[in-house]
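Trainee: I have a fold open on my screen and I'd like to learn how to read it. Can we go through it feature by feature?

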Amino acid sequence: MGQPPVLIRPYEPSDLRTHVRLLRELRPDRLYTETGFRYRLTALTARERRRWWVALAGDELVGAATAVTVWWTRSADAALVWAGVAASWRRLGTACGA
């Protein structure tokens, strides 16, 4: 109670700065820069069918997710999915605002 509702929507270019900031928090084992992430988005191939989503609580970006087909295997229906939530939004029982 008291938390704003959470909205999940597709990534938009205006999310770049806050999205990269969140990815740095969630994945300290990787190097994320705005330039690098922008390049990654433009370098996607059609066979990847990668999608990105963000979770917003009001104006605050509190989560991110991605899914991509595993095109480098023989399986036509394999995919990888990753999702992360900002530490300050974990274990609140909000279940994405539900």
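This is a predicted model: local features need pLDDT of at least 70, side-chain atom pairs count only at pLDDT 80 or more; totals for chains, interfaces and linings use all residues.

Trainee: Got it. How do I read strand pairing, and in which sense do β1 and β2 pair?

Mentor: Two strands pair if DSSP finds at least two bridges between them. Here strand β1 (residues 6-10) runs antiparallel to β2, with five bridges. Leucine 7, for instance, sits opposite leucine 56 in β2.

Trainee: And how many bridges join β2 and β3?

Mentor: Seven, again in the antiparallel sense, with strand β3 covering residues 60-69. Arginine 51 faces alanine 67 of β3 across that pairing. Look at the turn too: the hairpin of β2 and β3 has two residues between the strands, and glycine 58 there takes a positive phi near 65°.

Trainee: Is β2 mostly covered or mostly open?

Mentor: First the cut-offs: buried means under 20% relative accessible area, exposed over 50%, and partly exposed in between (1.4 Å probe, protein chains only). Strand β2 (residues 51-57) is mostly covered, with five of its seven residues buried. Tryptophan 52 counts as buried at 9% relative accessibility. Over in strand β1, valine 6 is buried too, at 16% relative accessible area.

Trainee: Next, ring pairs. How many aromatic pairs does a search of the whole structure find?

Mentor: The rule looks at rings of Phe, Tyr and Trp (its six-membered ring), which pair if their centres lie within 6.5 Å; planes under 30 degrees apart count as stacked, over 60 as edge-to-face and the rest as tilted. The search turns up two pairs. One is edge-to-face, between tyrosine 11 and phenylalanine 37, at 5.8 Å centre to centre with 70° between the planes. This pair links distant parts of the chain, 26 residues apart: tyrosine 11 is in the loop between β1 and α1 (16-26), and phenylalanine 37 is in helix α2 (residues 34-42). Both tyrosine 11 and phenylalanine 37 are buried.

Trainee: Why is the pair of phenylalanine 37 and tryptophan 52 called edge-to-face?

Mentor: Because their planes stand at 75°, with the ring centres 5.0 Å apart. Phenylalanine 37 lies in helix α2 and tryptophan 52 in strand β2, so that pair ties together parts 15 residues apart in sequence.

Trainee: Which residues have the most contacts inside the largest nonpolar core?

Mentor: A nonpolar core is a set of buried Ala, Val, Leu, Ile, Met, Phe, Trp, Tyr and Cys residues joined through side-chain atoms within 4.5 Å. The largest one has 14 residues, and Tyr11, Leu22 and Phe37 have the most contacts inside it. The elements giving it two or more residues are α1, β2 and β3. Of these, α1 gives the most, with five residues.

Trainee: Last one: how do I read charged pairs?

Mentor: Side chains of opposite charge can pair when their charged atoms come close. The rule for a salt bridge is a side-chain nitrogen of Lys or Arg within 4 Å of a carboxyl oxygen of Asp or Glu. That gives four salt bridges. In one of them, aspartate 15 meets arginine 9, with the closest N and O atoms 2.8 Å apart. Aspartate 15 and arginine 9 are both buried, and Arg9, Glu12 and Asp15 are linked in a network of salt bridges.

Trainee: Where do the partners glutamate 34 and arginine 17 lie?

Mentor: Their closest N and O atoms are 3.2 Å apart. Glutamate 34 is in helix α2 and arginine 17 in helix α1, 17 residues apart, so to speak a link between distant parts of the chain. Glutamate 34 counts as partly exposed at 25% relative accessibility, whereas arginine 17 counts as exposed at 52%.

Notes: Residues are numbered from 1 along each chain as its sequence is written. Side-chain values use heavy atoms; hydrogens and water are left out. Helices (H or I, at least four residues) and strands (E, at least two) are DSSP runs, numbered from the N terminus.
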